[in-house]
Each structure stands twice: as C-alpha cells, then as structure tokens.
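Good morning, and thank you for coming.

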Amino acid sequence: MSEPKGVEAFHQLELNAGHFLIQRCTDCTGHVYFPREVCPHCGGTSLEWIAPKGTGTVYAVTTVRRKAGDGGDINVSLVDLDEGVRLMSRIDSPVSNATKIGQRVKSRVQVNDGKGLVVFDAMQGGAL
Amino acid sequence: MSNLKDLRGSSAIVGVGTFGNGESPGFTDMELLARSAHAAVADAGLKMSDIDGLCSASIGASMWTMPVIEYLGLNPRYIDGTMVGGSSFIAHLLPAMRAIRSGQCSAVLVCYGSAQRTSPVGRREIGQLRRLVDPQPYEYPYEPVLPASAYALAASRHMHEFGTTREQMADVAVAARAWARLNPEAFMRDPLTRDDVLRARMVSDPLTVRDCCLVTAGGGAYVMVSAERAKSLPKKPIYVLGNATAVWNRQISSMRDLTVTSAKQSGAGAFAMAGMKPNDIDLLQLYDAFTINTILFLEDLGFCPKGEGGRFVENGSIAPGGKLPVNTNGGGLSCTHPGMYGIFALIEAVRQLRGEAGERQVKGAKTALAHGNGGTLSSQSTAILGTEETV
Ligand SMILES: [Zn+2]
C-alpha cells in the first residue's frame with residue numbers, strides 16, 4: 001500500500017500509532033479539526049500538524065440508551081479543546097451517566113484492533 | 001442588495017396533495033409520490049401533461065429526479081433535485097419562482113414519497129449502508145444514534161445555557177398532539193400528557209421517544225404557477241412572499257453554537273424578501289423532528305428572544321386556543337414523518353390559508369410561515385406564504 005496522501009488517512013494512521021493530531025493554519029493561525037485539505041477559516045492550504053495539549057471542556061452531552069445486548073448505554077459528548085476546536089467523543093471515565101457540561105477532560109488515544117480513537121477522561125478539579 | 005423582492009408574490013401554490021399517510025404496507029416510495037403528485041395536480045385543476053417543471057429529492061436514491069420524470073411521463077424544462085435533507089421541498093421554492101418568472105417553465109410540481117415505516121429495507125440496514133457510501137468518520141465511531149443524539153446534544157446545551165426544562169420540551173409534544181387530535185389525517189391521535197412524554201422510553205438523554213418525530217409512510221406534493229396564471233385556476237391561490245435557505249454545517253460536531261441554528265439566516269432572508277416581521281405571521285409550521293426544534297426555531301425566526309423558547313411554549317401556548325398556532329396538523333411529532341417532513345409543513349400552511357383545515361382551522365389566517373430543517377440541524381429553509389390580500 002502506498003503512503004497516504006490525504007489528511008484524513010494521515011490523521012487516522014497517526015491515531016493508530018497512538019498520536020492525536022490537529023491542524024493549525026500558518027496563514028491565519030486558526031486551529032482546524034476535523035482534518036482538512038483547505039483551511040475553513042481563510043481558504044488557504046498552509047495547514048500544519050500539531051499535537052494539542054489534550055485538555056478541554058465538555059460542551060454538550062448525551063447518553064445513548066441501548067439494550068445490554070447492543071452494548072449498553074454509552075456517553076456521547078462534544079468536547080471543546082483548549083486550542084478552540086470541537087470534536088465529538090466519549091467521556092470514558094468515570095463510567096457513568098454523570099458527565100456534566102463544563103467538566104474538564106483530558107484526551108487519550110484508545111487503540112482497538114489496530115484502529116485509534118480519541119476518547120476523554122474526566123480531570124480532577126471537575127467543572128469550570 | 002438583491003432584487004429578490006421583485007419575486008415577492010410572483011408565484012402561487014395552486015395545488016396540494018397527500019397520500020398514504022401512516023401505514024401504507026405494500027407501497028413503494030415512488031407509488032406514494034405518484035399518488036400525491038396526481039392529487040396535487042388534480043387539486044390545481046391541471047393535467048399531468050401541463051407540468052413542465054419538476055422538483056424532488058430522496059433519502060435513498062441519489063439520481064431521484066430521473067426515475068420520477070420517467071414514472072410520471074414528464075418532459076420538464078426545469079429540474080431541481082437539490083437535496084438538503086428534510087428542508088429540500090421548501091428550498092425548492094425560490095429557484096422555481098425564478099424559473100417561472102423567466103419563462104423557463106410555467107407549472108412546477110414539487111413531490112415526495114417515502115415508505116419508511118413499511119419499507120422492506122430496515123432502518124438499521126440503511127444506516128449501515130450510509131456509513132459506507134456517505135461516511136462521517138469523526139462521528140460514527142462514537143456510536144451516536146443519528147439523528148436523535150445530535151438533537152439531544154443541542155437540547156443538553158439549551159438546557160444548560162437557558163434553564164430550558166424537559167417539561168417545556170414535553171409541552172411541545174403535548175401541543176402537537178392536541179392539534180393532531182383535530183386532524184383526521186394525523187397518524188397519532190390518542191391523548192398525550194406531559195407525564196406521558198417524560199416517562200416514555202429514553203432514546204438519547206434528554207429526549208424520550210415522545211420527544212422524537214414519528215416514523216410513518218406517506219407522500220406529499222404541491223404545484224406552483226405564476227401569480228397571473230393562478231387567478232384562472234379553481235383553488236384560492238396561496239402566494240409565496242418570501243423564501244430563503246441556509247446551511248452552516250452538516251455534522252452536529254461542526255455546529256459553532258448548538259443553541260443558534262441557520263434558521264436565523266434563512267428566517268431573516270425570508271422576512272426581508274416578504275417585507276414582513278414575525279408579528280405579521282398568523283400561524284407557523286415548524287419542522288419538529290424533535291421537541292427542541294420547535295423551541296430553537298421560534299427563537300431563531302424571531303418569535304421570542306434567544307433562550308426564551310422553553311418558556312414561550314409552556315402550558316399550551318402553542319396548542320389549540322393558545323397565543324400562537326404552531327404545527328396545526330400535529331407536525332412531525334404526531335401527524336406524519338415519512339423520512340423527510342418539510343413538504344408537509346408547507347402543505348399544511350397552504351390548507352390553513354385556503355381555509356380548508358376543518359376543525360383545526362385558524363380563523364381568518366392570511367399569512368403563514370413554513371420552516372424546514374434538514375440533517376442534524378444542518379439545513380434550514382423558511383417560506384412565508386400569504387393570501388391575495390397580503391401580496
Ligand atoms: Zn487559515
């Protein structure tokens with residue numbers, strides 16, 4: 001297989017290796033997530049990869065209710081990274097429906113069957 | 001700025017039709033569409049051979065206007081297959097008005113049909129297929145139940161910022177059901193209380209199954225011609241005074257502020273074209289895929305300040321006899337929701353302005369706003385309609 005040329009594939013390969021990367025535009029200095037070929041802020045193509053601090057704040061939260069046989073209830077949250085970008089993710093710990101908007105969280109890359117996924121854990125100190 | 005105001009009232013809806021709402025076992029999407037299209041053309045006092053413009057959209061088929069043209073035996077000079085989700089059939093209005101004004105065509109049929117409830121292909125299978133052909137690699141791995149979880153996230157944020165309560169959202173569903181009880185075409189007409197909504201099965205917190213729209217079968221269609229031609233047709237013409245469409249994002253995770261939708265832009269555009277303001281509107285049809293939608297759209301369209309939507313809808317204020325009639329057919333929550341609802345919001349607005357709404361008729365209604373939503377709060381299209389005296 002050839003080296004991936006697109007940012008989506010590159011981002012996933014890095015995640016599979018345990019590295020969570022976002023983009024930063026060297027033209028307008030805006031951060032970008034999800035990964036793009038063209039900056040959605042200024043239209044430029046000078047996007048570089050950076051490792052985010054990994055800290056962020058829960059912006060919105062829901063619990064998807066599922067039968068135990070379908071995997072049971074699962075948290076789905078929107079997290080605002082301190083760099084200013086938002087992503088959908090899961091608050092993995094504490095394992096409960098107790099995640100609240102405003103909760104400070106820290107990212108972690110979970111690799112299952114070789115595929116990396118960004119999840120978050122609640123940080124001590126709680127809500128903002 | 002633009003000459004959109006020149007188009008104000010230049011076209012009128014002269015025919016509407018629905019078919020197969022609710023359970024329609026054994027019918028295909030196309031069969032439901034065709035029956036609705038036939039009903040709308042007949043309602044307009046026209047023949048199918050008079051139709052020279054065609055607009056349609058489908059969730060499943062990406063080249064949908066072609067089989068529709070083939071099936072109905074049309075030869076349209078104007079074709080619009082714009083697909084922005086459930087708001088598509090309201091978004092089809094403005095381009096069609098331009099086509100009619102330019103002489104490109106004279107009679108546009110906008111039509112939709114879906115056998116979603118009774119389809120042999122399950123929603124689970126369709127969901128799996130969509131992951132393959134239309135992937136959302138930054139959301140699907142987290143296993144949200146889309147679209148419900150996206151609206152649940154928006155609801156969570158509205159509750160957090162403005163103190164909106166589950167009880168207030170439940171009142172949206174209760175009001176919709178109260179209207180549905182007056183509509184013989186509505187699918188769910190049993191009594192519904194606030195407690196029924198709150199105690200129903202939780203789907204994605206804070207939304208229970210009664211905060212979510214129905215899954216039905218059904219078809220809907222309307223016919224639009226020039227204002228001049230409308231005068232010679234049998235039904236009372238309902239004029240299009242304003243229409244605008246806006247998209248700010250597709251994924252809920254890309255929406256900047258989950259409490260402000262692009263209905264703010266589509267509404268402002270439609271009101272500007274119509275030269276009107278919220279106070280001028282007699283009734284509203286808002287795409288209520290989930291109870292939070294009605295609250296968000298009342299705010300974004302200017303019927304109450306941002307954050308006040310929950311308090312605005314409380315205690316029957318949008319129900320029959322309340323201060324503002326909203327979703328008088330029962331909406332997507334209680335009347336019908338065959339995959340995409342937008343066309344049904346528009347059809348109900350037309351029926352109300354014609355005075356054909358029977359027991360649920362809003363007396364003396366001269367203006368209506370019909371608002372469509374698509375995706376996960378992704379596309380918004382607003383139409384303002386009026387009777388002849390408002391043109
Ligand atoms: Zn930039």
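On the side of chain B that touches chain A, α6(B) gives the most, with 7 residues. Helices (H or I, at least four residues) and strands (E, at least two) are DSSP runs, numbered from the N terminus.

A word on the source. This is a predicted model, in which local features need pLDDT of at least 70, side-chain atom pairs count only at pLDDT 80 or more, and totals for chains, interfaces and linings use all residues. Residues are numbered from 1 along each chain as its sequence is written, chains are lettered from A and ligands numbered from 1 in the order in which they are written, and side-chain values use heavy atoms, without hydrogens and water.

The rule also finds 2 salt bridges across the interface of chain B and chain A, each a side-chain nitrogen of Lys or Arg within 4 Å of a carboxyl oxygen of Asp or Glu. E143(B) forms a salt bridge with R66(A), with the closest N and O atoms 2.8 Å apart.

Finally, Q251(B) lies in the loop between β8 (238-247) and α10 (263-274) of chain B. Q251(B) has a relative accessible area of 8% and is therefore buried (under 20%; exposed is over 50%, partly exposed in between; 1.4 Å probe, protein chains only).
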